[in-house]
There are 2 protein chains.
Amino acid sequence: MPGEFDFLTWIASRRRDSALVRIPTGDDLAGVQIPDGELLLVGVDQVLDGVHFDSAVHTPRQIGCKAMNRNLSDCAAMACLPAAAVATVALPANAGLDFAKELYLGLEEAASRFECPIIGGDTSSWTGRLVMTVTILGRSAGIEPIRRGGARAGDSIYVSGLLGGSILGRHMTFTPRVDLARQLAGGGHLNAMIDLSDGLSRDLGHICRQSKMGAVLEADCIPIHADAVRLSRDGRSPLLHALHDGEDYELLCTGEVNHPGLTRIGRITSEPGIFLREGTSLAPLEPLAWEHRL
Amino acid sequence: MPGEFDFLTWIASRRRDSALVRIPTGDDLAGVQIPDGELLLVGVDQVLDGVHFDSAVHTPRQIGCKAMNRNLSDCAAMACLPAAAVATVALPANAGLDFAKELYLGLEEAASRFECPIIGGDTSSWTGRLVMTVTILGRSAGIEPIRRGGARAGDSIYVSGLLGGSILGRHMTFTPRVDLARQLAGGGHLNAMIDLSDGLSRDLGHICRQSKMGAVLEADCIPIHADAVRLSRDGRSPLLHALHDGEDYELLCTGEVNHPGLTRIGRITSEPGIFLREGTSLAPLEPLAWEHRL
């Protein structure tokens, strides 16, 4: 029966040289040289079987990919460059070495798109269900990180892509908007940004609360994904899905920018509260999206 | 019923200023300014209910403490200073906000001993058992990190503390040897180091393999903990427990040092293989410690 160390040996064999990595996988910690003067960014996200994916439906490659991409999307939110990642996996008993390798290949597939080396991790097996976490390290690399709290009254509000219904599949297959975020932030007229993981209504709430601002969204301007239309057979309108579904992993940002990848959906206001304008009606917009209950 | 965001609000209220933290908890990523010229060290470890702790026996405070201390012990292994940490928790359904807070207070209790701020994380609830991970960031802070692969033929081999039987309780309550490691490494005659998590026999194997060296241990010199004696009622000798039990979280290092916190237990050899000398017998020492099966 293969063990943890067989897996680690295989991982070590896939190691590639990377300019910033001074101490690669194999010691208690890996060592990274962040270039002088740059800010290090760090965050972590987990994916749990039955919550963020379904191991009866999704392949281990897809699961690994999503675990990494959720974190790369956080780099996009801050407009930083991915620098390196570490990961953990809690494997169900008897999952097997091939399953573990596929998870890793999923991590690698997602990370390699951004030349982000995987430099460490921790593997355990247990009788519970599959859990993966990825910790992402980013670097500012010449662009001041864009934060949630920078929105100013009068800012336009933009989103990338099309929203809603990602549960039909896109939540597993999205592409983190790192390149777009770097382009936008490099332009210099971006004041606040976040990636859409909790849903537009809640994530805009994060920006408004931290910026001590309010917002008015224009219902007619919200870019609705075909998946939101398909999902609307559940009785909630496509617009409701676009406003509240989580896991779009698109960018939500404020400022004054002109980019074909963005749609302008509203305006930041100095009055608190988030409102939705539909025709002549202006109604408060409450978040309906997912929140983990404790 | 409280939710994830109540927990995050409470965590944010406990935030303390920290010199290196430029972007604290609250954005998609936190930002840390690693001083120019210093190396960033990073690693991650997880703790799983039923594997690394038992939620029926251990308090959430102890569990949080262990999750953090495992990672701080990795800083000790590399002789770096803890700089910051991020953590994840997958909470069993209905664990409750107070339980979550106790886990966090455990993380904080362990981290604050080394002035290591917790700057981010991810909270989920699920129907599975409790999982926590901690990712630790360390900084070289004037001392070149000590690696596993630096042992040289003729080096003395040392351990800190007393070994074996940690399963009786010490695996939950140990103190990471960060201060000792910094003292030792600052002295300049340390060639290789690791913390004892997989067990002396296996962890010495990591050093020897990466250093392309062998070793001879002196059975009479192995410092045996009273817990190993207590545990020897299972039929395995105290020495076997000290050699093979995992989770001592003491330092194993090689070089030439003179420190009251260390015991000299053997010598690094240019011939491959790890041997144990007992009286006049010299026998190969195979690792018997825990390995996760896949």
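## Basis

Residues are numbered from 1 along each chain as its sequence is written, while chains are lettered from A and ligands numbered from 1 in the order in which they are written. Because the model is predicted, local features need pLDDT of at least 70 and side-chain atom pairs count only at pLDDT 80 or more, whereas totals for chains, interfaces and linings use all residues.

## Contact between the chains

In chain A, 68 residues are in contact with 68 residues of chain B; contact means that C-beta atoms, placed from the backbone, lie within 7 Å. Strand 3 (residues 40-48) of chain A gives the largest share of the side of chain A that touches chain B, 8 residues. Helices (H or I, at least four residues) and strands (E, at least two) are DSSP runs, numbered from the N terminus.

That side of chain A has 32 nonpolar, 22 polar and 14 charged residues. Ala, Val, Leu, Ile, Met, Phe, Trp, Tyr, Cys and Pro count as nonpolar, Asp, Glu, Lys and Arg as charged, and the others, Gly among them, as polar.

An open sheet of 6 strands has the order 5(A)-4(A)-6(A)-3(A)-2(B)-1(B), with mixed pairing. Its edge strands, strand 5 (118-126) of chain A and strand 1 (21-23) of chain B, each pair on one side only. From one strand to the next, the twist averages 25 degrees. Strands pair if DSSP finds at least two bridges between them.

Strand 3 of chain A and strand 2 (residues 30-32) of chain B run antiparallel, joined by 3 bridges; here Val42(A) has Ala30(B) as its bridge partner. Strand 4 (residues 81-92) and strand 5 of chain A run parallel and are joined by 8 bridges. Ala87(A) stands opposite Gly121(A) in strand 5 of chain A.

## Helix 3 of chain A

Helix 3 (residues 97-112) of chain A lies across strand 4, strand 5 and strand 6 (131-139) of chain A, at about 165 degrees to strand 4 of chain A. Axes are lines fitted to C-alpha atoms, for helices over the stretch in contact, and angles run from 0 to 180 degrees between N-to-C directions.

## Helix 6 of chain A

Helix 6 of chain A is largely enclosed by the rest of the structure, because 10 of its 12 residues are buried. A residue is buried if 20 or more other C-beta atoms, placed from the backbone, lie within 10 Å of its own, exposed if 12 or fewer, and partly exposed in between. The buried residues include Leu200(A), His206(A) and Ser211(A). Lys212(A), with a positive phi near 55 degrees, follows helix 6 of chain A.

How values were computed:
Contact = placed C-beta atoms within 7 Å.
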